[in-house]
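Thanks for asking me to look this one over. My notes follow as numbered points, with the cut-offs given where each term comes up.

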Amino acid sequence: MKISELRTSLWGYRKGDVCEYVAELDEQFSARLTERETLLRETADSLRSELAKKEEELAQLRETCERLRRENGRLARAAAAELPRARTQAGADAPREARPVRQAAPGSEGNLSLFEAGDDAERGFAWKKAD
């Protein structure tokens, strides 16, 4: 029923028509409200489910991160324990005197050349002034 369909009487609208119109509007509003509530409930349930999955994934990633941190610490301690032995071994394998590895380019300023550092425990390379 539309408001234009309300019949009038001598002193205004007929009471029965107004009540029928209001009841019809109430039914329409209730139906739309129920539909929206259902949609919101379904959306909330879907989001809760997705949130639970993400929280589970986050927990797994935190466990993996913690496991990798422990493994990294273990490897760092093992490497630190192995370093003195590796330095000793490298020092034993190093030649006694430094030998030229590569000469500087001809005409370069300062006549620097690269020498393998035989006395250095880490067998690094050093630039020395060419004689």
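**Notes on the predicted model**

1. Val18 sits in helix α1, which covers residues 15–93. Helices (H or I, at least four residues) and strands (E, at least two) are DSSP runs, numbered from the N terminus. This is a predicted model, in which local features need pLDDT of at least 70, side-chain atom pairs count only at pLDDT 80 or more, and totals for chains, interfaces and linings use all residues. Residues are numbered from 1 along each chain as its sequence is written, and side-chain values use heavy atoms, with hydrogens and water left out.

2. Let me start with the overall layout. The protein chain has 1 helix and 5 strands, and along the sequence they follow the pattern β-β-α-β-β-β.

3. How far should you trust the coordinates? The mean pLDDT of the protein chain is 76, and 60% of its residues reach 70 or more; pLDDT is the predictor's confidence in each residue, from 0 to 100. Among the elements, α1 has the highest mean pLDDT (91), while strand β4 (residues 112–116) has the lowest (47). Over residues 111–126 pLDDT stays under 50, and the model has 48 contacts there beyond four places in sequence. A contact here means heavy atoms within 4.5 Å. Where pLDDT is low, the predicted coordinates should not be read in detail.

4. Buried means under 20% relative accessible area, exposed over 50%, and partly exposed in between (1.4 Å probe, protein chains only). Of the contacts with a separation of 6 or more, 20% are between residues 24 or more positions apart.

5. The protein chain exposes about 11500 Å², and carbon and sulfur atoms supply 54% of that area. Accessible areas come from the Shrake-Rupley method with a 1.4 Å probe; for residues, only the protein chains shown count as cover.

6. Which residues make the nonpolar surface patch of about 270 Å²? Tyr13, Val18 and Val22 do. Val18 is partly exposed, with a relative accessible area of 31%. Patches are made of residues with over 30% relative accessible area and no salt bridge; like charges are joined within 9 Å, and nonpolar side chains (Val, Leu, Ile, Met, Phe, Trp, Tyr) within 5 Å.

7. Now the charged pairs. The model has 2 salt bridges, where a salt bridge is a side-chain nitrogen of Lys or Arg within 4 Å of a carboxyl oxygen of Asp or Glu. Side chains of opposite charge can pair when their charged atoms come close. Arg48 and Asp45 form one of them, at 3.1 Å from N to O; both lie in helix α1, 3 residues apart, about one turn of the helix. Arg48 is exposed at 55% relative accessibility, whereas Asp45 is partly exposed at 43%.

8. Glu82 and Arg85 also meet in a salt bridge, at 2.6 Å from N to O. About one helical turn separates Glu82 and Arg85, because they are 3 residues apart in helix α1. Glu82 is partly exposed at 37% relative accessibility, and Arg85 is exposed at 56%.

9. Finally, the cysteines. The structure holds 0 disulfides, a disulfide being a pair of cysteine sulfur atoms within 2.5 Å. Cys19 is partly exposed at 47% relative accessible area, and Cys65 is partly exposed at 33%.
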